[in-house]
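Biologist: I would like to learn how to read a model like this one. Could you take me through some features, starting with the terms?

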Amino acid sequence: MECITYAAYDSDKEDWSLLTSLSSSPMSTRPPSPLNTTPQSVNTQLTSTMPVASGATASSASRDTKRKAMKRKSSHRNRKKKRDSAPMYHPNPIRASKHIQNAKPVYSTLQAKNFPIASTGYIGLQQKKSCRHYELNELVGPDSKFNFTLRKWDGMISMPLVDNKQRVIGICAGVPDDDNTWPEVHGRAAELLESARPHLLFDKKYKKHQWGEYSALGVGISHGGGQPYPKILSQDTRNEPILEELMKDKVFERISGFATGAFAEWAPHLYNYQSDYLSRLIAHDQELCRTNCHPNPKEKELRRNWPRTPWAAATFNFGPQTVCFKHADTGNLAFGWCAITALGKYDHTKGGHLVLWDLGLVIEFPPGSTILIPSSAIHHSNVRIQPGERRYSFTQYSAGGIFRWVDHDFQKVDDYRGSLGPNDLAKICCKLSGQLSFGMSLYSTVAELES
């Protein structure tokens, strides 16, 4: 079966499609001069001037070529500017159809309708935390007490994760189509994280935490944990310029863009929902700044980390051995998808696998590949890698509190509910009780995607 994945996103190129070159019209040749019919004896002086005419023609052709090249370059710049200014990504339907038709679904008995969700309607339920790593043979094989299923995967073909109702609840997106530069992209991303780590300052909570024992720092927009309103994650002044340089590097923009495209293809309604809420949040913040109504004018203006990303935040996991404990990111949107990109140099057949505990799956996770899952709802971890190996990762996600903030008319819960009458308050409570059902309606089934 043909292995088809995704085209790499590059903001200097058309998204997920090849640039179509503008065809240049052949240069018109000057008609022969009627003077050529004049006998040579009469045309001696005119013949000596012909090289000048020929030079003028060549100069004119050169100018025409330059003008056309400048026009193509200007057109390319305008297309790029238009794409970057548009917050939404629209998949190429032909390419998306190929991905879906050639995918290898991973079916499960999981019932997504039973995802754990808090009564507030936007985040997951707190679960018991684990603080240990597992070897591969502890999870799969005859000696495993878990008896999980091992899925071999080289990252070259799409593997949608499907629940008992044929809903696509995640996607092993892999790597871009026919992109010979991708090894350089994810190789450089790993090198940047390794080079940055010694120059960054990590508090204890960023070196050993509920996710594992590795260094990590987040960037972007957060909301939760008692914040009065959404804001840009604060950084140590010594870390800020280093993180800014990482975000500006083209490789992370390309990785983010690839994940965005996969999200839009496999969960188009959920992608639109998450992207739209992020756009509304940013637009409201910009309006507050423009009208001098922001509660703290010194705060940084909210913005996307990368063009068209639907995720409010991202985390750089600097390793050097990024191996997660079993956990669920319950602060993220309860039914939202997050993107995980594996980086580094390690044998993905021996370690670094993504373990999806609620599905009973252990999936090989090669460096440079991307997997999207509902990280708030599904417990996940990594298999321990080999001694001396290096593994990093790059994750993108959105806090559930952001969606509550937007739904509550950009107010805190108490302020919003205090402004409602009894009937409206009852409607809100009813809506929250059906929030998970609403989230499930944003998921696509295999049949819907195929059609």
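Modeller: Start with burial. Buried means under 20% relative accessible area, exposed over 50%, and partly exposed in between, with a 1.4 Å probe and protein chains only. Helices (H or I, at least four residues) and strands (E, at least two) are DSSP runs, numbered from the N terminus. In helix H7 (residues 250-266), 16 of the 17 residues are buried.

Biologist: What kind of model is it, and how are residues numbered?

Modeller: It is a predicted model: local features need pLDDT of at least 70, side-chain atom pairs count only at pLDDT 80 or more, and totals for chains, interfaces and linings use all residues. Residues are numbered from 1 along each chain as its sequence is written, and side-chain values use heavy atoms, with hydrogens and water left out.

Biologist: How far does H7 reach from its first C-alpha to its last?

Modeller: The expected span of a helix is 1.5 Å times one less than its number of residues. H7 reaches 25 Å, close to the expected 24 Å.

Biologist: Which residue caps the N-terminal end of H7?

Modeller: Think of polar contacts: pairs of N or O atoms within 3.5 Å; within protein, one must be able to donate a hydrogen and the other to accept it, and residues adjacent in sequence count only if both atoms are side-chain atoms. Asp 249 is the cap, with a side-chain oxygen 3.1 Å from the backbone nitrogen of Val 251.

Biologist: Which residues of H5 are buried?

Modeller: H5 covers residues 182-196. Its buried residues include Trp 182, Val 185, His 186 and Leu 193.

Biologist: What do the buried residues of H5 pack against?

Modeller: Contact means heavy atoms within 4.5 Å. The partners are helix H6 (240-248), H7, strand S7 (313-319), S8 and S13.

Biologist: In which sense do S4 and S11 pair?

Modeller: Two strands pair if DSSP finds at least two bridges between them. S4 (residues 168-174) and S11 are antiparallel, over three bridges. Ile 171 stands opposite Leu 372. S8 (residues 338-345) also runs antiparallel to S11, joined by four bridges.

Biologist: Is Arg 391 buried or exposed?

Modeller: Arg 391 is buried, at 1% relative accessible area. This residue sits in strand S13 (residues 390-397). Its side chain reaches the backbone oxygen of Thr 322 at 2.8 Å.
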